[in-house]
Amino acid sequence: MLNALWNPTVVGEISLPHRLAMAPLTRSRATPDGVPTELNAEYYAQRASHALIITEGTQPSADGQGYPVTPGIYTEEHIAGWRKVTDAVHKADGRIVIQLMHAGRISHPDNTPHHRQPVAPSAIKPAGQTFTPSGLQEMPEPRELSTEEVAATVDDFRRAAAAAIAAGADGVEIHGANGYLVNQFLFPSANQRTDQYGGSLDNRIRFAVEVATAVADEIGAGRTGIRISPGNPFKLNDLAESDPHELYPHLLRALAPLNLAYLHIGHGGDEELLFTLRKLWPTTLILNRAGADIATRAKDVEDGLADVVTVGTMALANPDLVERVRSGAPLNTPDPATFYGGGAAGYTDYPTHAA
């Protein structure tokens with residue numbers, strides 16, 4: 001069954017040597033200005049044997065930052081920092097796309113360079129606290145974006161995509177999942193707008209479609225992917241999905257004509273919806289079945305439910321995961337205490353099988 005993982009494939013304009021890819025995972029090791037460092041380059045290069053690396057969420061603007069010391073891709077300094085990363089990955093014969101993530105209301109003024117109020121589709125305060133440089137704090141009520149500002153935010157994604165390609169990335173993934181800005185526009189629990197971006201299904205998907213269209217126009221559809229999380233599987237960021245069986249098929253029908261390189265699904269266990277989305281999507285489907293073992297993920301490829309599968313914490317703890325799976329070697333155990341630790345511990349110091 002695992003043999004299904006090792007067949008080469010082509011995702012848009014990106015050729016992959018096999019089908020076991022690395023999921024996007026926030027690691028919080030950039031500088032306070034959002035610039036990737038040599039440590040980031042080492043981390044991603046260590047994992048270059050994955051079929052494709054999808055980077056941690058990377059803010060397309062100052063407003064887009066949600067957490068401390070996450071990377072950006074909207075200044076020349078960011079581009080230079082990411083160039084170190086992409087060069088290191090390519091030198092190790094890897095492929096890498098930068099995930100564009102605007103956090104929207106899941107933020108705090110202390111976490112952004114301009115220290116302004118977070119922005120969102122509507123002024124609806126999310127429940128809960130978020131990490132800040134001074135510790136956990138309540139997330140404040142966000143400011144509702146004006147209609148003109150929504151259009152400007154679409155342009156932020158466009159410019160960030162161009163910057164990612166300038167930094168040497170093989171493409172970008174639009175983060176439309178997990179309760180962040182693109183996802184916030186999709187559901188009334190975060191979007192109660194009365195303009196063309198709120199209310200009906202067509203209006204609520206409009207921002208996602210405009211962002212995908214802008215990015216694809218800028219860098220090419222064959223280098224553009226988008227991630228969704230039907231059912232909000234991890235119940236993240238206080239987002240209630242009221243009509244996923246209606247909305248997500250509607251969204252995919254609107255996105256399909258763009259001929260994007262891939263759709264990346266964070267699967268929440270609704271198999272019926274997953275099968276529906278598989279049938280609707282015309283290009284590569286990348287599936288993240290969180291918590292599943294490698295054999296289960298390989299079966300998704302063998303059965304045609306997925307073309308490529310992503311792994312998260314297994315990739316963190318096992319830089320050489322591909323080699324370990326191929327040889328049947330045991331896996332390292334992830335250390336959650338170090339996931340956002342800021343240094344090399346739990347980041348670049350996991351032992352390899354060869355060691």
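Modeller: A strand here is a DSSP run of E with at least two residues, numbered from the N terminus. This model is predicted, and strand S7 covers residues 129–132. The largest share of the lining of the largest pocket, four residues, comes from S7.

Colleague: Which other element gives two or more residues to that lining?

Modeller: Helix H10 (313–317) does, alongside S7. The pocket holds about 1100 Å³ of space. It has 40 lining residues, and the closest to its centre are Leu25, Thr26, Tyr180, Leu236 and Tyr340.

Colleague: What makes a residue part of the lining?

Modeller: A lining residue has an atom within 4 Å of a pocket point. By type, the lining splits into 22 nonpolar, 15 polar and three charged residues.

Colleague: Why is the pair of Tyr44 and Trp82 called tilted?

Modeller: Check the centres, then the planes. The rings sit 6.3 Å apart, centre to centre, and the cut-off is 6.5 Å, so they pair. Their planes are 40 degrees apart; under 30 would be stacked and over 60 edge-to-face, so this pair is tilted. Tyr44 lies in helix H1 and Trp82 in helix H2, so the pair ties together parts 38 residues apart in sequence.

Colleague: How do you know that H3 and H6 meet, and how do they pack?

Modeller: Contact means heavy atoms within 4.5 Å. Residues in H3, including Val150, Phe157 and Ile165, meet residues in H6, among them Phe207, Val211 and Ile219. The contact divides into eleven nonpolar, one polar and four charged residues. The helices pack at about 35 degrees with axes 9 Å apart, and their crossing is right-handed.

How values were computed: Residues are numbered from 1 along each chain as its sequence is written. This is a predicted model: local features need pLDDT of at least 70, side-chain atom pairs count only at pLDDT 80 or more; totals for chains, interfaces and linings use all residues. Side-chain values use heavy atoms; hydrogens and water are left out. Axes are lines fitted to C-alpha atoms, for helices over the stretch in contact, and angles run from 0 to 180 degrees between N-to-C directions. A crossing is left-handed if the near helix is turned anticlockwise from the far one by less than a right angle, and right-handed if clockwise. Ala, Val, Leu, Ile, Met, Phe, Trp, Tyr, Cys and Pro count as nonpolar, Asp, Glu, Lys and Arg as charged, and the others, Gly among them, as polar. On a 1 Å grid over the protein atoms alone, a cavity is a set of points where a 1.4 Å probe fits but cannot get out, and a pocket is an open set with protein on both sides within 12 Å along at least five of seven lines; lining residues have an atom within 4 Å of a point. Grid points are joined across faces, edges and corners, and a volume is the space filled by probe spheres set on the points. Rings of Phe, Tyr and Trp (its six-membered ring) pair if their centres lie within 6.5 Å; planes under 30 degrees apart count as stacked, over 60 as edge-to-face and the rest as tilted.
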